[in-house]
Amino acid sequence: MIRIVIAGGLMLLGLFTLGVAVLGVYRLSTMMNRIHVAAKCDTMGALLILAGLMVLSGFNVFSLKLLLVIMFLWLCNPAASHLVARAEVKTNQNLDMICDYVDLTEGEKANDNH
């Protein structure tokens with residue numbers, strides 16, 4: 001009974017976090033803000049839902065598979081959102097009018113010339 005309550009609480013927190021992400025993507029105006037909220041909330045929401053499923057199933061092979069999925073998401077989701085943000089910096093010519101950012105890709109151009 002306690003395991004069901006804990007698992008349900010974790011899953012509800014995960015659903016709330018994902019709901020905040022959807023609201024943030026809808027409400028925020030710039031692409032960079034949308035990428036940020038999507039990356040943070042998707043990772044945390046998926047972690048909470050998968051942790052709730054792990055608690056619900058107990059310690060078995062299924063929970064170890066869910067742990068591997070969590071580790072994969074924690075590695076890949078921030079990297080993917082970083083690549084999307086980097087593509088936005090490279091392709092959006094009007095980004096400096098919308099928000100302040102540091103273009104770290106300029107150093108790569110300087111290093112490529114030498």
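## A nonpolar surface patch

A nonpolar patch is made of residues with over 30% relative accessible area and no salt bridge, whose nonpolar side chains are joined within 5 Å. In this predicted model, one such patch on the surface consists of Phe59, Leu64, Leu67, Leu68 and Met71. Together these residues have about 550 Å² of accessible area.

Leu67, one of the patch members, belongs to helix 3, which covers residues 61–91. The relative accessibility of Leu67 is 35%, so this residue counts as partly exposed. The value lies over the 30% that a patch residue needs.

## Overall make-up

The protein chain has 114 residues, and 26% of them count as buried. Its secondary structure comprises 5 helices and 0 strands. Read from the N terminus, the order of elements is α-α-α-α-α.

The structure holds 0 disulfides. Cys41 counts as buried because its relative accessibility is 14%, which is under the cut-off of 20%. Cys76 has a relative accessibility of 33% and therefore counts as partly exposed.

Helix 3 has 31 residues. From its first C-alpha to its last it reaches 44 Å, close to the 45 Å expected at 1.5 Å a residue.

Which residues of helix 3 are buried? They are Ser63, Leu66, Ile70, Asn77, Ser81, Ala85, Glu88 and Val89. An α-helix has 3.6 residues a turn, so residues three or four places apart point the same way. The buried set includes Leu66 and Ile70, and also Ser81 and Ala85.

Ile70 is placed in helix 3. Its relative accessible area is 8%, so Ile70 is buried. Along the chain, Ile70 and Thr43 are 27 residues apart, while their C-alpha atoms are separated by 8.7 Å.

Ser81 also has its place in helix 3. With a relative accessible area of 16%, Ser81 is under the 20% limit and is therefore buried. The side chain of Ser81 reaches the backbone oxygen of Pro78, at a distance of 3.0 Å. Lys65 and Met54 are 11 residues apart in sequence, with 9.3 Å between their C-alpha atoms.

Helix 1 spans residues 2–27 and contains Ile4. Ile4 has a relative accessible area of 53%, so this residue is exposed. In sequence, Ile4 and Ser57 are 53 residues apart. In space, the two are 9.5 Å apart, C-alpha to C-alpha.

Helix 2 spans residues 31–57, and Leu48 lies in it. Leu48 counts as buried because its relative accessibility is 15%. The C-alpha atoms of Leu48 and Phe16 are separated by 9.9 Å, and these residues are 32 positions apart along the chain.

Key: Residues are numbered from 1 along each chain as its sequence is written. This is a predicted model: local features need pLDDT of at least 70, side-chain atom pairs count only at pLDDT 80 or more; totals for chains, interfaces and linings use all residues. Side-chain values use heavy atoms; hydrogens and water are left out. A disulfide is a pair of cysteine sulfur atoms within 2.5 Å. Buried means under 20% relative accessible area, exposed over 50%, partly exposed in between (1.4 Å probe, protein chains only). Patches are made of residues with over 30% relative accessible area and no salt bridge: like charges are joined within 9 Å, nonpolar side chains (Val, Leu, Ile, Met, Phe, Trp, Tyr) within 5 Å. Accessible areas come from the Shrake-Rupley method with a 1.4 Å probe; for residues, only the protein chains shown count as cover. A salt bridge is a side-chain nitrogen of Lys or Arg within 4 Å of a carboxyl oxygen of Asp or Glu. Helices (H or I, at least four residues) and strands (E, at least two) are DSSP runs, numbered from the N terminus. The expected span of a helix is 1.5 Å times one less than its number of residues. A polar contact is a pair of N or O atoms within 3.5 Å; within protein, one must be able to donate a hydrogen and the other to accept it, and residues adjacent in sequence count only if both atoms are side-chain atoms.
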